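Please go through the fold, the helix packing and the aromatic contacts of the chain shown below.

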Amino acid sequence: MTTWGSNPRASWTLLEVLMALAIAGLMAAAALPYLLDAFPQGDDPSEALRAAARRTRFEALSQGESRRLMISPRGFFLTDGSEAAVLPHGWSLELRRMGEERFRKPRKGESWEFNSEGLCEPLELRLRGDGREVVAVFDPLTALEPPRL
């Protein structure tokens, strides 16, 4: 008769547990951008733009090559012309890049690049519509807005 502690292979080794946790962590990190997009964030029209930025950054990181979002007054578009995030009717988009003093309308063909390391140019977006104004500031390292304190 063997007891629980007498058989050395009756339990998991520390290395096996750590490997399982590492794999689970990598899978969770890969799924995070898509999970964040799955839950609605209310009526904030900038959320679709934030989600497009997260997805594009994730694609650049996972595929190891640069990705671009085309910027227009109506929202973000992929380089093939398909929609990435379109603003609701009556809303407009303005942007301010690093070094610019004022917000301005996007120029024709203007884009926002995410390199293969996931880095991007710092960018501020201002959305106006329905008597409201929403400003989103994107961090160059994460393409996410910094937490508000």
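The model is predicted: local features need pLDDT of at least 70 and side-chain atom pairs count only at pLDDT 80 or more, while totals for chains, interfaces and linings use all residues. Residues are numbered from 1 along each chain as its sequence is written, and side-chain values use heavy atoms, with hydrogens and water left out.

Q: In what order do the elements of the protein chain run from the N terminus on?
A: Helices (H or I, at least four residues) and strands (E, at least two) are DSSP runs, numbered from the N terminus. The protein chain has 2 helices and 7 strands. Their order is α-α-β-β-β-β-β-β-β.

Q: How far apart are the end C-alpha atoms of helix H2?
A: The expected span of a helix is 1.5 Å times one less than its number of residues. Helix H2 covers residues 46–63, and its 18 residues should therefore span 26 Å. The separation of its end C-alpha atoms agrees with this, at 26 Å.

Q: Which strands are the edge strands of the open sheet of 3 strands?
A: Two strands pair if DSSP finds at least two bridges between them. The sheet has the order E4-E6-E7, with antiparallel pairing. Each edge strand pairs on one side only; they are E4 (92–97) and E7 (132–138).

Q: What angle does the direction of H2 make with that of E7?
A: Axes are lines fitted to C-alpha atoms, for helices over the stretch in contact, and angles run from 0 to 180 degrees between N-to-C directions. H2 packs on the sheet and touches E4, E6 and E7 (contact means heavy atoms within 4.5 Å). Its direction and that of E7 make an angle of about 15°.

Q: How many bridges join E4 to E6?
A: Strand E6 spans residues 123–129 and runs antiparallel to E4. Arg-97 stands opposite Leu-123 in E6. The number of bridges joining E4 to E6 is 6.

Q: Why is the pair of Phe-76 and Trp-112 classed as tilted?
A: Rings of Phe, Tyr and Trp (its six-membered ring) pair if their centres lie within 6.5 Å; planes under 30 degrees apart count as stacked, over 60 as edge-to-face and the rest as tilted. By this rule the count comes to 3 aromatic pairs. The ring centres of Phe-76 and Trp-112 are 5.9 Å apart and their planes stand at 50°, so the pair is tilted.

Q: Is Ser-111 buried or exposed?
A: Buried means under 20% relative accessible area, exposed over 50%, partly exposed in between (1.4 Å probe, protein chains only). Ser-111 lies in strand E5, and its contacts beyond four places in sequence are Arg-68, Leu-69, Met-70, Ile-71 and Arg-97. Because its relative accessibility is 15%, Ser-111 counts as buried.
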